[in-house]
Every structure is written in C-alpha cells, then in structure tokens.
Amino acid sequence: MIHLAPYLQFASKAFQREATYRVEVLSEIGSLVLRVYLIRALWTALYAHNPAPPDLPLHAIITYSTVALLLSLIFEVDGTRQLREKLRLGTIATDLLKPISIPGFLFSDGLGMTLLHAMTVIPSLLIALLLVHVDRPAGAGAAAAFLAAFALGYAVNFLLNFCMNCVAFWTLETFALQLVVRWLSDLLSGAIIPLAFFPGVFQSVVLHLPFAAVYSTPLLIYLGLLRGQQVGHALLEQLAWLLAFAALAALAWSRGRNRVVVQGG
Amino acid sequence: MGSTRSWLGVVAQAWRIRLLTMLEYKANFFMWFAFTIAYHGVAVAALGATLYNFPSLAGWNFREIAFLYALWMLGHSTHNLFFFSVGDVPVYVQEGTFDRFLVRPRDVLFQIVTVPNQQWPDELALAIVWFVFATWYAHVAVNWVFLLAVPLIVLGGVLIDLAVSLMVATVSFWFVRVDTLRWVVMSLEQEFTRYPVSIYTRGVRILMAYVLPYAFMNYFPAVYFLHKSDQGLTVVPWLGLLAPLVGGVWFAAAYGFWRVGLNRYQGTGS
C-alpha cells in the first residue's frame with residue numbers, strides 16, 4: 001500500500017522552492033515576448049510570399065507555434081534532472097535507504113515545479129495575446145481531447161526524461177548527451193515546426209516516433225487537424241508509448257539501482 | 001604590468017590548460033562536439049523544413065538563408081572560442097567571485113578572457129566547414145573582395161558579440177540580477193539573426209542594425225555578397241563591409257563603459 005501523503009508534501013515543497021526564484025520566472029515570461037514576436041514576424045513574412053498550405057492558414061500556424069511555446073513552459077521542467085545530480089554527488093545512497101519510491105519522489109517533485117510554471121502560462125498567454133491572435137480549441141470535444149492528450153504527453157515526457165537521466169547509472173557524465181536528445185526531440189516532437197512540414201517518408205516516420213506524443217499530438221487535436229476516429233487513434237498511440245516507456249523506465253531503474261557506483265570522496 | 005612577452009605567456013599557458021583538459025576528457029569532448037552538431041543541425045534542419053514548404057522568406061531562399069546562418073556561425077563561434085567567459089561575468093558578480101580578479105596584478109578583462117574553460121575549437125571547425133559549403137551552395141562569387149572581406153567581417157562579428165556581452169557584464173555591476181537582459185540579448189543574437197532582418201518591424205530592425213548591431217554580423221554582409229536588393233534598412237549595398245568598423249566602434253564604446261563600471265564597482269566594494 002503506497003501512502004500518497006508524503007508525495008503530496010514533496011510536490012508542495014517543490015512548488016514553494018520554485019516560487020522563491022521569482023526573477024527566473026519573470027525572465028522566462030520576458031523572453032517569451034520576444035519569441036512570440038518572432039513567431040508573428042516569421043510566419044507573417046512566410047505566408048505573405050508563398051501559397052498557404054490548404055489545412056494550415058496563417059492564424060492556425062501562429063496558434064500552433066504560440067500554444068507550443070506555452071506548452072514548453074511546462075514540458076521543459078525536468079524534475080528527474082535531480083537523479084543525475086544525486087548519482088554524481090553520491091547522495092543517491094542515502095535516498096535509497098529512505099522508505100520512499102525515488103521515481104515517485106521525482107515525479108511528485110517535478111509535478112510541484114510544473115504547477116508553479118503552469119501558473120506562468122496564464123500571464124504569458126495574456127502577453128502573447130497582445131502580439132498575436134490565438135485561436136480557441138476547435139470545439140468542446142477538441143478541448144477535452146486536448147487536455148487528455150496533454151496529460152498523456154506530460155507523462156511520456158516525464159518518462160523520456162527519467163530514462164535519459166537513468167543513463168547516469170552507467171556513464172555518470174550525461175549532461176551533453178541529454179542536451180543532444182533534448183535538441184533533437186524539440187525538432188522531432190513538433191515543438192519548433194509542425195511535423196507536417198517534413199518531407200515525404202521522413203514525415204511519416206517522425207509522426208510515429210515517441211517524440212510526437214509530447215507536442216505534436218496535443219497540438220494537432222487543439223487545432224482540429226485530427227478529428228473523430230483519428231483523435232482516438234492518436235490518444236491510443238500516446239498511451240502505447242506511455243506504457244512502453246514506463247516498462248523501459250522500470251527496467252532501467254531496477255537494473256540501475258543494482259549497480260549504483262557511489263563516487264568516492 | 002609586465003612585458004608583452006609575459007602577457008603572451010599567460011595566454012599560452014591558458015591555452016595549454018585548455019588543450020590538456022580536452023585531451024584528458026576525450027569522451028566528454030566528443031559528447032560536447034555531438035551537442036554542437038545537434039544544436040546547429042537542428043537549427044538548420046528547422047530552417048530547411050520550413051523553407052521546403054515556403055520557398056521564399058522575404059525574397060530569400062534556403063540556399064541564401066544557409067549562407068546567412070553560416071556567416072553568423074563563423075563570427076559567433078570565433079567569439080565563443082576566445083571570449084566566451086566574458087558572458088560569465090554576471091555570474092561571477094552574483095556569486096561574489098568577481099572580486100578576486102580585482103586584486104590580481106593583471107588587467108581585469110585580460111584575466112577574464114584567459115579563465116580556463118571548456119571552449120574548444122570544435123564549433124569553429126564546424127562553422128568553417130558549413131561556411132565553405134554554404135558559400136558554394138548559395139553560389140556566392142569567391143573573388144578577392146570576398147577573400148579579403150570575410151575575415152574582416154568575422155572580426156567585426158566577434159567585436160560586436162564581445163561588445164554586447166561586455167555591456168551586459170558592465171550592467172551587472174549596477175544591477176546584480178541581469179538574467180532578463182541576458183535572455184533578451186541571447187535571443188536577439190541567436191534566434192533573430194537566423195532570418196533576414198527585413199521581416200521585422202521597423203523598431204526591431206533599428207535595434208538589430210544600430211543599437212545591438214547583430215545585423216552587421218551576417219545580414220548586411222549577406223545582402224552584399226548575395227546581391228540582395230533589400231528594404232531592411234540597407235542604405236548602400238556595401239553597408240555590410242563596414243562590419244569591422246561597426247565592431248570596432250561598438251567595442252571601444254563598450255570597453256569605455258566597462259572601465260567606468262569597473263571604477264564604480266571598486267568604489268562600492270565592501
């Protein structure tokens with residue numbers, strides 16, 4: 001029987017900890033203004049001189065990019081990064097003695113941090129609305145499906161990060177590797193541009209990689225580019241990735257913790 | 001203050017330490033090199049995929065955008081190789097480790113530039129390869145003007161980059177937390193330089209051209225080399241060739257501001 005109370009405490013502590021870094025949060029919102037401006041300038045210029053794709057008019061691409069930017073405020077919070085630090089510094093040894101689940105701790109701590117950053121989404125959206133028009137979700141059904149897809153995307157993102165940080169069990173120095181994966185996943189998840197922009201075969205591959213479950217699926221549902229049955233299929237695909245990565249994470253964790261090498265000193 | 005020889009000795013020593021660190025942590029070097037490739041690769045791939053769908057960005061095609069990126073990359077990576085640590089000054093000030101530079105018998109900026117760090121020539125090497133490719137790919141005429149101008153434009157770009165990071169560093173003497181300013185400057189430098197300046201509204205164009213003159217790192221020179229007739233504030237076609245001059249003037253101004261800031265910092269030191 002798992003007691004939830006300590007994990008709620010972890011989340012609340014993480015929330016409070018993040019809340020003390022007000023300047024960081026403010027500068028996050030500040031840099032967002034520039035990015036939204038860039039979205040507007042870039043896509044307006046591109047649509048002015050080229051024929052628009054049939055299912056993606058200018059207001060849709062601006063909505064896509066802006067909502068992706070707001071999602072990144074949440075998805076870029078990586079609570080599992082602490083695992084790497086714990087392994088590097090050796091404090092993992094004492095954590096393993098505690099009567100808690102460390103993955104559970106990382107999830108609730110990350111959730112607490114995420115909740116604080118989620119609060120910046122509202123002011124960020126209001127600021128963004130001064131610069132661009134953001135469409136509403138394509139109907140009530142789309143809005144509900146978007147929330148479900150977002151929750152699944154959040155879980156997939158957490159597990160991806162968790163697996164990446166588990167690599168530290170084997171190599172200890174993983175920061176550069178993680179950044180490589182982060183950068184590639186930004187491109188392949190549809191966070192920077194819609195995956196439909198990739199040419200031919202590459203597009204059909206990218207659309208079915210796990211990265212697409214994080215940004216692309218929720219965003220396509222939001223815009224109404226996935227409809228009816230397609231929504232169900234997309235959610236199922238996300239769920240499949242969720243289960244696959246949960247299995248991988250469980251395997252990495254159980255193998256990893258058995259070979260904890262605590263650095264001396 | 002020591003002779004030129006002893007100054008060069010310090011520089012040589014700093015580079016020796018860097019090289020030895022690189023050789024000591026080979027795996028780390030290769031992982032960071034992979035990161036460098038991923039960072040620029042993702043930027044170029046996103047530009048490529050976008051322009052695959054929208055072939056013209058304010059009259060620029062992908063080949064020309066690739067050249068625009070290459071020019072920026074060359075100046076930026078050269079700056080990083082030699083002057084990356086100037087960008088860390090706000091961190092030193094915040095953490096209080098800046099004071100140790102003030103008590104040593106060398107010029108403060110010189111000390112900061114020679115801080116041992118992990119900036120290796122991998123990014124510059126990649127930039128040169130990409131620049132050679134992009135020059136060919138964008139059909140840029142390689143004549144004596146080009147061969148003479150490119151090193152000077154890179155020098156100008158380095159000075160512009162350095163001038164702006166020196167200004168931000170100096171601002172941190174007064175306002176310890178300059179995170180927002182750093183973010184804004186970094187975003188303007190790394191993201192806004194990817195596209196022709198002509199896509200921005202007038203205020204941002206003026207900002208990029210004459211306030212934080214990043215447009216002289218790549219946009220104006222690219223306009224010249226690619227013979228673009230442009231609306232983005234280009235007064236004369238050869239404006240881009242003034243990059244070293246603009247870099248020199250901005251660096252001189254930034255260095256003056258830095259000296260003022262340094263005196264003031266010493267004055268308030270507790």
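## Helix 1 of chain B

A residue counts as buried when its relative accessible area is under 20%, and as exposed when that area is over 50%. The model is predicted. In helix 1 of chain B, A14(B), R18(B) and M22(B) are buried. Seen down the helix axis, the buried residues fall within an arc of 80°, so they line one face of helix 1 of chain B. R5(B) and E24(B) lie on the other side of this helix and are exposed.

What do the buried residues of helix 1 of chain B pack against? Their partners are helix 2 (26-53), helix 3 (62-83) and helix 6 (108-113), in chain B. Helix 1 of chain B itself covers residues 4-24, which is 21 residues. From first C-alpha to last, the helix reaches 30 Å. That is close to the 30 Å expected at 1.5 Å a residue.

## W250 of chain B

W250(B) sits in helix 12 of chain B, residues 243-268. Leaving out residues up to four places away in sequence, W250(B) touches A163(B), M167(B), Y210(B), V211(B) and P213(B). P105(B) is 145 residues from W250(B) in sequence. In space, the two are 27 Å apart, C-alpha to C-alpha.

## The cavity

The structure holds one cavity of 30 Å³ or more. About 90 Å³ of space lies in the largest cavity. Which residues line the largest cavity? They are V77(A), D78(A), G79(A), T80(A), F107(A), G110(A), L111(A), T114(A), Y154(A), N157(A), F158(A) and N161(A). Helix 6 (102-119) and helix 8 (140-166) of chain A are the elements that give two or more residues to this lining.

By class, the lining of the largest cavity has five nonpolar residues, six polar and one charged.

## The second largest pocket

This pocket has a volume of about 530 Å³. Its lining holds 26 residues. Closest to the centre are A196(A), L207(A), S216(A), L220(A) and L226(A).

Three elements of chain A give two or more residues to the lining of the second largest pocket: helix 11 (200-207), helix 12 (216-223) and helix 13 (229-258). Which helix gives the most? Helix 13 of chain A does, with six residues. The lining of the second largest pocket divides into 16 nonpolar, eight polar and two charged residues.

How values were computed: Residues are numbered from 1 along each chain as its sequence is written. Chains are lettered from A and ligands numbered from 1 in the order in which they are written. This is a predicted model: local features need pLDDT of at least 70, side-chain atom pairs count only at pLDDT 80 or more; totals for chains, interfaces and linings use all residues. Side-chain values use heavy atoms; hydrogens and water are left out. On a 1 Å grid over the protein atoms alone, a cavity is a set of points where a 1.4 Å probe fits but cannot get out, and a pocket is an open set with protein on both sides within 12 Å along at least five of seven lines; lining residues have an atom within 4 Å of a point. Grid points are joined across faces, edges and corners, and a volume is the space filled by probe spheres set on the points. Helices (H or I, at least four residues) and strands (E, at least two) are DSSP runs, numbered from the N terminus. Ala, Val, Leu, Ile, Met, Phe, Trp, Tyr, Cys and Pro count as nonpolar, Asp, Glu, Lys and Arg as charged, and the others, Gly among them, as polar. The expected span of a helix is 1.5 Å times one less than its number of residues. Buried means under 20% relative accessible area, exposed over 50%, partly exposed in between (1.4 Å probe, protein chains only). The arc is that of the directions from the helix axis to the C-beta atoms. Contact means heavy atoms within 4.5 Å.
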